[in-house]
Amino acid sequence: MQPVYMDHGATTPVHPEVVKAMVETMEKSFGNPSSVHAFGREARKLLDEARASVASLMGASPEQIIFTSGGTEADNMAIFGAARGMRLKGKGNHIITSAVEHHAVLDACKALEKEGFEVTILPVDEDGQVHVEELEKALRDDTVLVTIMHANNEVGTIQPIQELARLAKARGAVFHTDAVQSFGKIPVDVNELGVDLLSASAHKIYGPKGVGCLYIAKGVKLTPLSYGGSQERRRRPGTENLPGIVGFGKAALISQAEMQAEAERLTRYRDRLIDGLMELPHVKLNGHRTNRLPQNVNLSFHFIEGESLLLMLDMKGIAASSGSACTSGSLDPSHVLLAMGLSHEIAHGSLRLTLGRGNSEEDVDYILNTIPEIVERLRALSPLYEGKEAVTSCTQRR
Amino acid sequence: MYTEKVMEHFANPRNVGEIEEASGVGEVGNASCGDIMRISIQVEDNIIKDIKFKTFGCGAAIATSSVCTELVKGKSIDEALELTNQAVADALGGLPPAKMHCSNLAAEALHEAIADYKAKQGKE
Ligand SMILES: Cc1ncc(COP(=O)(O)O)c(C=O)c1O
Ligand code: FES
């Protein structure tokens, strides 16, 4: 049995060329990029090249990219840095975010509440979309920061960042977007989107874990999270993680070359999976049908629970994820699914399949052949299922 | 994170289903994560002759239901009442700490089924 990895939203396998570039860096270019000698200059050159590659994939200039330890640090740097910086300038203490953000954003905003900031959390519609009018209503004269993700990690819904950013900036607020899931998958251009700050992460694009970056538009002032040397223009001091950064640069280069064809291929697989699985009774699609990431499938199977579904899939060699309370560790179902108005029970039966480079047409066939019998088995175990064999779809029931 | 025993019961759950004309039925919901379990028993001469379960829940919930039915089948009502969630977890070689609450579900559903049986007895 060939294992089928369909959890690329969690992380991706490192591309062999990325591994090669990283190993070469460790073996041959160990120098400190801050050193004056040849070893340092060699390391500096690699650092500059990687920065240019990452910048190019988002339409930025290299000096606008600050390397971080990942998406989480980039989100924190943007949110704490902008909020505190704006308050120091006396601009106010109101922050706006959305209900479907990653915890790196939501919990950073919550922490700022303890520092006296006021936080407004925008609702989303049943597809997980933030409406521009909601932001319009929430913006105030003392709003200093608006942070809304580009594409959602659980349901793949893409937000209207261009309009949201224009609106926020017109009212004098800094606009940040977490593009960790969209960067390298769909076109992300900082100028087209019109954002001030943008977070990205290497391990979602076949790069290494523990590296990411924050794009900072010209003129945007952030108070730093940490203090030290003059690396990363003092915004992120500390000797650079050169092998990781080189790997990120290589991954960005490869993504740039392959993105368009890959997005088309994965969209085809995505649609086959959605259409095929929606033929089963009592299945609901989570997220927008078309305005979603090419790689994201998220469905709820009524009457069954996600963790048992994942275990059964795992026994068949399929790796996926779920927003079920039983998989969360905290015993709360996904805040994203609840924000979209799903009942506790439907959130319980959610399954996320996230496609990627290694997946083939055969993987899609295998999943389409395997899931129906698993769902049938689990439903036979479920006390909620009795008498539901007659087809009434769960959307009708709600 | 699960023991082999848990996975074995999860993959091949024993005593799945529902007893028609059961002597007692117990259904409990799990307040912490929203799962549901139903156990039905058939009692003759104070002995649990047959027992079946249905569970809407995680791998641990399904495995604990399964092992719980196995532990009490053929036992007397009094013996079955002594079954604790710890005993259910132990029979599976332990559960991860975050999953201990799932084992409550099985023992509680069983106790409810027995209470239902006793209540019906009292009425007759
Ligand atoms: C939307 C989003 N933001 C932030 C992160 C965190 O990124 P990292 O794992 O690089 O810290 C993730 C990854 O899970 C994500 O999906
Ligand atoms: S039944 Fe939900 S965590 Fe076990």
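**The largest pocket**

The lining of the largest pocket divides into 11 nonpolar, 21 polar and seven charged residues. In this count Ala, Val, Leu, Ile, Met, Phe, Trp, Tyr, Cys and Pro are nonpolar, Asp, Glu, Lys and Arg are charged, and the others, Gly among them, are polar. The model is predicted, so local features need pLDDT of at least 70 and side-chain atom pairs count only at pLDDT 80 or more, while totals for chains, interfaces and linings use all residues. Residues are numbered from 1 along each chain as its sequence is written, chains are lettered from A and ligands numbered from 1 in the order in which they are written, and side-chain values use heavy atoms, with hydrogens and water left out.

**Pocket space and lining**

- A pocket is an open set of points on a 1 Å grid over the protein atoms alone, with protein on both sides within 12 Å along at least five of seven lines; a cavity is a set where a 1.4 Å probe fits but cannot get out, and lining residues have an atom within 4 Å of a point.
- The largest pocket holds about 740 Å³ of space, a volume being the space filled by probe spheres set on the points, which are joined across faces, edges and corners.
- Its lining has 39 residues, and nearest the centre lie A:His102, A:His103, A:Asn153, A:Glu154 and A:His335.
- α10(A) gives the most to this lining, four residues; helices (H or I, at least four residues) and strands (E, at least two) are DSSP runs numbered from the N terminus.

**Ligand 1**

- Ligand 1 sits in the largest pocket, meaning that more than half of its atoms lie within 2 Å of the grid points.
- Around ligand 1 are 13 residues, the closest being A:Gly71, A:Thr72, A:Asp178, A:Ser201 and A:Lys204; a residue is near if one of its heavy atoms lies within 4 Å.
- Helix α3 (residues 71-88) of chain A supplies the largest share of this shell, three residues.
- The shell has two nonpolar, eight polar and three charged residues.
- An N or O atom in the side chain of A:Asp178 is 2.6 Å from a nitrogen atom of ligand 1.
- Oxygen atoms of ligand 1 lie 2.6 Å from a polar side-chain atom of A:Ser201 and 2.8 Å from one of A:Lys204.

**Cavities**

- There are two cavities of 30 Å³ or more.
- The largest cavity has a volume of about 160 Å³.
- Of its 14 lining residues, A:Gly184, A:Lys185, A:Tyr206, A:Glu262 and A:Leu266 lie nearest the centre.
- That lining comprises seven nonpolar, three polar and four charged residues.

How values were computed. Polar contact = N/O pair within 3.5 Å; in protein donor to acceptor, adjacent residues only side chain to side chain.
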